[in-house]
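Subject: Structure for you to look over

Hello,

Here is the structure I promised to pass on. Please open it alongside this note; my findings follow below.

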Amino acid sequence: MTDTHPKAHFFMTNPIAVFLALIIFGGLAYDLIWLDGQATLMLMRKLVDLIEWMAFWR
């Protein structure tokens, strides 16, 4: 197996991917159940602002 970069020693294995997905979906579920989705809504609005700001600079 060849690396794409000589110093690339980290590989995304299936257990790591599943763990990260569980953390993300768990955080979203927590937000939707206990915080009524306010944190997700705020993050999405900030993401839209960032995209618009980056589009301005291209």
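Start with Asp36. Asp36 is exposed, at 61% relative accessible area. The model is predicted, so please read what follows as computed from it. Asp36 sits in the loop between α1 and α2. Its phi is positive, about 55°, although Asp36 is not a glycine. Most residues other than glycine have a negative phi.

Now the fold. The chain has two helices and zero strands. Helix α1 covers residues 14–34, and helix α2 covers residues 38–56.

Next, Asp31. This residue belongs to helix α1. Asp31 is buried, yet has no salt bridge. Which side chain of opposite charge is nearest to Asp31? Arg45 is, at 12 Å. Asp31 does have a polar partner: its side chain makes a polar contact with the side chain of Thr40, at 2.4 Å. Leaving aside residues up to four places away in sequence, Asp31 touches Asp36, Gly37, Gln38, Ala39 and Thr40.

Then the surface. Of the 58 residues in the chain, 3% count as buried. The chain exposes about 5,800 Å², and carbon and sulfur atoms supply 73% of that. There is also a nonpolar surface patch, with about 1,100 Å² of accessible area together. Its members include Met42, Leu43, Met44, Trp53 and Trp57. Leu43 lies in helix α2.

Over to you.

Best wishes

Key:
Residues numbered from 1 in each chain as written. Predicted model: local features only at pLDDT ≥ 70, side-chain atom pairs only at ≥ 80, totals over all residues. Heavy atoms only, no water. Helix = DSSP H or I, 4+ residues; strand = E, 2+ residues; numbered from the N terminus. Buried < 20%, exposed > 50% of the residue type's maximum accessible area, 1.4 Å probe, protein only. Lys, Arg positive; Asp, Glu negative; His and termini not counted. Salt bridge = Lys/Arg side-chain N within 4 Å of Asp/Glu carboxyl O. Polar contact = N/O pair within 3.5 Å; in protein donor to acceptor, adjacent residues only side chain to side chain. Contact = heavy atoms within 4.5 Å. Patch = residues over 30% accessible without salt bridge, like charges linked within 9 Å, V, L, I, M, F, W, Y side chains within 5 Å. Areas by Shrake-Rupley, 256 points an atom, 1.4 Å probe, with all protein chains shown as cover.
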